[in-house]
Amino acid sequence: MPYLGGEDAVRELRRALSNPNVQSDPLRYRNTILKVIRSMSQGIDVSGLFSEMVKACATVDIVQKKLVYVFLCSYAALNPELSLLVINTLRKDCQDPNPMVRSLALRNMTNLRLPSLAEYVEQPLTAGLRDRAACVKRVAVLGWAKLHNLQPDSEIDASVVNELYSLLRDPDPVVMVNCLRALEEILKEEGGVAINKPITHHLLNRLKECDVWGQCEVLRVLQRYKPQSEDELFDILSLLDASLVSPHPPVMAATLSLFLHLCSGLPAVSQAALERVRGPLLAACGSASREMSFAALCHIQLLLCSLPGLMGAHYKRFFCGYAEPAYIKQRKMQVLVELVNDENVVMLLDELKGYCTDVNTDTAQAAISAIGRIGRSYSDKCLEILTGLLGLKQDHITSAVVQTMRDLVWVCPQCSDTVCVALEGCEDTLQDSQGRQALLWLLGVYGERVCSAPYTLEVFIDGVRSEASVGVKMELLTTAMRLFLCRPAETQDMLGRLLHYCIEEETDMCVRDQALLYYRLLHCGIEETRKVLQGRRSDPSLGVLIGRPAEPISQWASSFNTLEPLKQVTVETESPSRGSPEHVTFDLSKPNTDLSDTLSCSQVEELHPDSDDVGRCTDSSADVLPPLSLSPSPALGPEQFERLWLQGQAVHAERGSGDAEKEEEEFTCLVEHVRCPAVPHCSPQSLQAAMQLLNIQTLAFTPPHTLPWRVYLYTHTQHMHSGNTPRSTLILGELLYTGKDREVTVEGGEEEEDGRGTDEATGDGARRRESNRKDEEEEEVKVTLYQQPRDEYALRGFVSILTSVLHTLSSERE
């Protein structure tokens, strides 16, 4: 027996295929061909046997034909001239009485994928569309799509397209679905298959005849149809009702996606549909297929954005199993965080506590992070668990706990006392750089409360030469400077040693430059240093914690039943390698967060309240306008807001108010005055809660009873534009109040008369009225808005909403 894979093996196979004795014995001949296929599957080059295999396809043995066709389709591209020899045999087989032979010949004729053979394929494919056998029509329909892909520049005959449209009513459901797929491919440049009312109702009535993937294909195509009346809409929804609770998750997801598309203007119907799919989604989460379970969890997270309480009663279904992979456990923990309430918080925390000692370090750290996120609402219970985990003295657990505590005190400053007590002695267990950075930040911010802070810092400074992490060194410099400002006697010597090393011996330029900055800052004096380094200890935008506002369903409906939910990570899931909280930066390269391009400051337009455009927009309010929805996502960070706001102001100042407006300019600026003098004196918590209730995110505000009083806010608007296409805009806003309340006092209840003449009294009255008019102007809150892209309806709608909120707050205050 020749060596397997050598040239001798190929030569022996050639001799066997050419041997008349082997050819006369059908069984031996088939076994020899089977050896050729086996060698091909093992990676052996058997393309030299192409001519012998072409001769072997002329047989009545169907099994032998299949084997030979597999070989020919694999090596046809390497032997285009010899491939012409097999065309006559294939065309002859297309007329065979056996429908299986006809379908086999048609399939492999299109699978050769040679442009030179396209003219020989068209006639058998056209005949295949009119064949009586369903299996032949299935192959012929898809064959036209393959032929179009082979020659995308050539146009398909209109009669073929009409034939495919007529086959949509074929009795065989597979032929119908294959026609949809073929027409989608052939008419891609025209927008795909045209869906009208008769086709829609025909597809819906035959939906149950299709298999799982056929139903998904039909439901996907039906999203292009727009019902002509509300009665027709509800008729379609009634036909889809059974598929909405289908036991097959792909059908359920495709049906729900179609539901959300059709009911984009009926939020109550969309919400009812989401509640109906709760059972199938929970069943998919418990599927034996890990991929199916993961996809279901991702889509449940999407649903919870709009209906936070949808799965509240079924939180136990999201408890992790021992044998589940880490990625499913982490997704389940993210869902559990969304389902926490007063009734189940104890049980959920106890369950998450068990995951903190998982053998998988990523799962354990994800559980600790989930406990920290719950701690934003239930800080006492979570801090008790986190403090207990520090007693385990395990490196990865201690690191995750310290990072979680750092994030927790950033949003909940009232937890700082407990955290400072828990930090004592945990530096001995920390080994990774992220945990040491978190510990150093806590020591720098709350060093005056931690008794052992200078001694812990000294250990870090003594080992700075062996420190490999640049981030730890930079954090160490900041911590040493902050600790020096509050405990100078204990820190002065070690700070000097650290600065000397970083300036004279450190090779990393970032660390050296930061040390030089601090050294020169100390020369400016302690007070100047304190102004720079005594920064904020918590996020100033979190005046009150009321939970994440519910997003409108239209915000994510288009991404349902796609790969987007699988790629997206929840907002709360943060990278463990990020730096200190006040140094968090937003990655502008990620989708949905690229807001530098959103505000194109090269195009600025100022829209005055009394302009004609606004007047037209106001006059049109009497018509039936599409509903306007507000959303705080994608999130906009303080640094981004400040940068984009300043850019807009700079461009606006350069252009000036005298420039002519252009219709194509998209960036809009609007300035208005709203009379609500009591708003600047209401509590920041009330103001922020009222704004967040309407999905308006406040980024920063000054304390009450301070002048000037400012509030910075933003939101994203969305409404259905012409053609039923959603239109989104970004609005940045500033509320400014510079005046003082008028205090009118009348002593004795009588006006004093000084005996002046009528003219003089009249002059005083005019001056008094002028003064009162100025006071009234000072009592107004100036609202400055920047919008991109330009959308007068959305801008005016937002102004109306904002004005209503301010008036409501002002009336409650008064």
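1. At 2% relative accessibility, Pro680 is classed as buried; the classes are buried under 20% relative accessible area, exposed over 50%, and partly exposed in between, using a 1.4 Å probe and protein chains only. The model is a predicted one: local features need pLDDT of at least 70, side-chain atom pairs count only at pLDDT 80 or more, and totals for chains, interfaces and linings use all residues. Residues are numbered from 1 along each chain as its sequence is written, and side-chain values use heavy atoms, with hydrogens and water left out.

2. Pro680 sits in the loop that runs between strand E3 (667-675) and helix H34 (684-693). Helices (H or I, at least four residues) and strands (E, at least two) are DSSP runs, numbered from the N terminus. Leaving aside residues up to four places away in sequence, Pro680 touches Pro704, His705, Trp709, Tyr737 and Val781, where contact means heavy atoms within 4.5 Å. Ser810 is 130 residues from Pro680 in sequence, yet the C-alpha atoms of the two are 8.7 Å apart.

3. For the chain as a whole, there are 36 helices and 7 strands. Of the 814 residues, 48% are buried. Among contacts with a separation of 6 or more, 71% join residues 24 or more positions apart.

4. How do helices H7 and H9 lie relative to each other? The axes of H7 (residues 99-111) and H9 (residues 134-150) come within 9 Å and cross at roughly 10°, so H7 is roughly parallel to H9. Axes here are lines fitted to C-alpha atoms, for helices over the stretch in contact, and angles run from 0 to 180 degrees between N-to-C directions. Angles under 35 degrees count as roughly parallel, over 145 as roughly antiparallel, 65 to 115 as roughly perpendicular, and the rest as oblique.

5. On the H7 side, the contact is made by Pro99, Arg102, Ser103, Leu106, Arg107, Thr110 and Asn111. H9 contributes Cys135, Val136, Val139, Ala140, Gly143 and Lys146. By class, this contact of H7 with H9 holds 6 nonpolar, 4 polar and 3 charged residues. Ala, Val, Leu, Ile, Met, Phe, Trp, Tyr, Cys and Pro count as nonpolar, Asp, Glu, Lys and Arg as charged, and the others, Gly among them, as polar.

6. A cavity is a set of points, on a 1 Å grid over the protein atoms alone, where a 1.4 Å probe fits but cannot get out; lining residues have an atom within 4 Å of a point.

7. The largest cavity is lined by Met109, Thr110, Arg113, Leu114, Leu117, Ala118, Val121, Gly143, Lys146, Leu147 and Leu150. H7, helix H8 (118-129) and H9 each give two or more residues to this lining. The largest share, 4 residues, comes from H9. The lining divides into 7 nonpolar, 2 polar and 2 charged residues.

8. Arg113, one of the lining residues, lies in the loop between H7 and H8. Arg113 is not a glycine but has a positive phi of about 55°. Its relative accessible area is 44%, so Arg113 is partly exposed.

9. Lys393 also has a positive phi, about 55°, without being a glycine. This residue is in the loop between H22 and helix H23 (395-411). With a relative accessible area of 52%, Lys393 is exposed.

10. Thr387 belongs to helix H22 (residues 379-390). Buried or partly exposed? Thr387 is partly exposed, because its relative accessible area is 33%. Not counting residues up to four places away in sequence, Thr387 touches Met405 and Ala422. Thr387 and Leu423 are 36 residues apart in sequence, with a C-alpha to C-alpha distance of 8.9 Å.

Key
1 Å grid on protein atoms, 1.4 Å probe; cavity = no way out; pocket = protein on both sides within 12 Å on 5 of 7 lines; lining within 4 Å.
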